[in-house]
Amino acid sequence: MAYETIAVRKTTPAIGAEISGVDLSKPLGNQQFQEVHDALMENLVIFFRDQTLTHEQHKDFARRFGELHMHPASPNTIPDHPEVLTIKADANSKHVAGEEWHSDVSCDPEPPMGSLLYMKQLPPANGGNTLFCNMYAAFEALSAPIQRLCESLTAIHDGTQVYAGRFGYAQKPGGFPRNEHPVVRTHPVTGRKALFVNPNFTTHVVQLKRPESSALLAMLYRHCETPEFQCRFAWQPDSLAFWDNRAAMHHAMWDYFPHGRLGYRVTVKGDRPV
Ligand code: SIN
């Protein structure tokens, strides 16, 4: 793809690109916005370095891509900025956000389209990288009979095991979101098919017996560990990563305990997977 207003340097052939030539604190012109959008569609996750953003500017950039999503469970939001999620770990942490492969809030009826994480503080020794996996590539690399099987199935994504079970967040009236989504979804913009299950939220495949469901999910998760589907981003303070939750999973490395890491995430609403 040809870009005129930004420079795009791929992180790996499969996924990820570093974008330069953009100041995210200022409103993007239409062409630059379109090119950033195209780079996200092409690379599934895009990275920006050396950005200086207030919470308001962070939200303004995210809003160019859609309405902002409110997290259904996390108590870690910022006063006056309920759409901004604090992603924080320190010596007191028992768990960290995103420590298992997932697509953000896939338990929602309409899971988020994308997430924009702006990193402010990092641990020493280049700890706290984030890994991303291309779920189109994962689907396309399956053999045809397994693709057909997966395309015929749906799975349950349940927030309770994550938000109540692991993080101990207080239940809200009505409980945490629990929804059924296709195991393979078609991306609303690119039209490509992507695997849409993850070990964080997906509890089981609806049409299969439990042992069959567990075996199939374990096989798919093992398959997604293929390094050729992935990239790994080494953050610096003031980096921002923007990922497409419809086509990529991610995993936050927690290799820095007891050191700290601090960032802020704004999330953009998505639509019902089909
Ligand atoms: C997340 O899942 O939003 C957290 C990712 C990270 O901390 O790298």
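User: Alanine 125, buried or exposed?
Analyst: Alanine 125 counts as exposed, at 80% relative accessibility. Here buried means under 20% relative accessible area, exposed over 50%, and partly exposed in between, with a 1.4 Å probe and protein chains only. This is a predicted model, so local features need pLDDT of at least 70, side-chain atom pairs count only at pLDDT 80 or more, and totals for chains, interfaces and linings use all residues. Residues are numbered from 1 along each chain as its sequence is written, and side-chain values use heavy atoms, with hydrogens and water left out.

User: Where does alanine 125 sit?
Analyst: In the loop between β6 (114–121) and β7 (130–134). Helices (H or I, at least four residues) and strands (E, at least two) are DSSP runs, numbered from the N terminus. The phi of alanine 125 is near 60°, a positive value in a residue other than glycine.

User: On peptide bonds, what is the one from phenylalanine 257 to proline 258, cis or trans?
Analyst: That one is cis, with omega near 5°. Proline 258 is in the loop between β15 (248–252) and β16 (261–268).

User: Switching to the ligand. Which residues are around it?
Analyst: Going by a heavy atom within 4 Å, they are Ile87, Ala97, Gly98, His102, Asp104, Leu117, Thr130, Trp243, His250, Ala252, Arg261 and Arg265.

User: What about histidine 102, how far is its polar side-chain atom from a ligand oxygen?
Analyst: 2.9 Å for histidine 102. Histidine 250 also has a polar side-chain atom 2.9 Å from an oxygen atom of the ligand, and an N or O atom in the side chain of arginine 265 is 2.8 Å from a ligand oxygen. The protein covers 99% of the 260 Å² of accessible area that the ligand has on its own.

User: OK, helix α1. How far apart are its end C-alpha atoms?
Analyst: They are 20 Å apart, which agrees with the 20 Å that the 14 residues (30–43) should span at 1.5 Å a residue. The expected span is 1.5 Å times one less than the number of residues.

User: What do the buried residues of α1 pack against?
Analyst: β1 (7–10), β2 (17–20), β3 (45–48), α2 (55–63) and β14 (240–244). Those buried residues include Phe33, Val36, Leu40 and Met41.

User: Last one: which residues touch the most other members of the largest nonpolar core?
Analyst: Phe132, Val183, Leu195 and Leu220, out of 41 residues. Apart from that core lies another, of 29 residues, among them Ile6, Phe33, Val36 and Phe61. A nonpolar core is a set of buried Ala, Val, Leu, Ile, Met, Phe, Trp, Tyr and Cys residues joined through side-chain atoms within 4.5 Å.

Notes:
Contact = heavy atoms within 4.5 Å. Polar contact = N/O pair within 3.5 Å; in protein donor to acceptor, adjacent residues only side chain to side chain. Areas by Shrake-Rupley, 256 points an atom, 1.4 Å probe, with all protein chains shown as cover.
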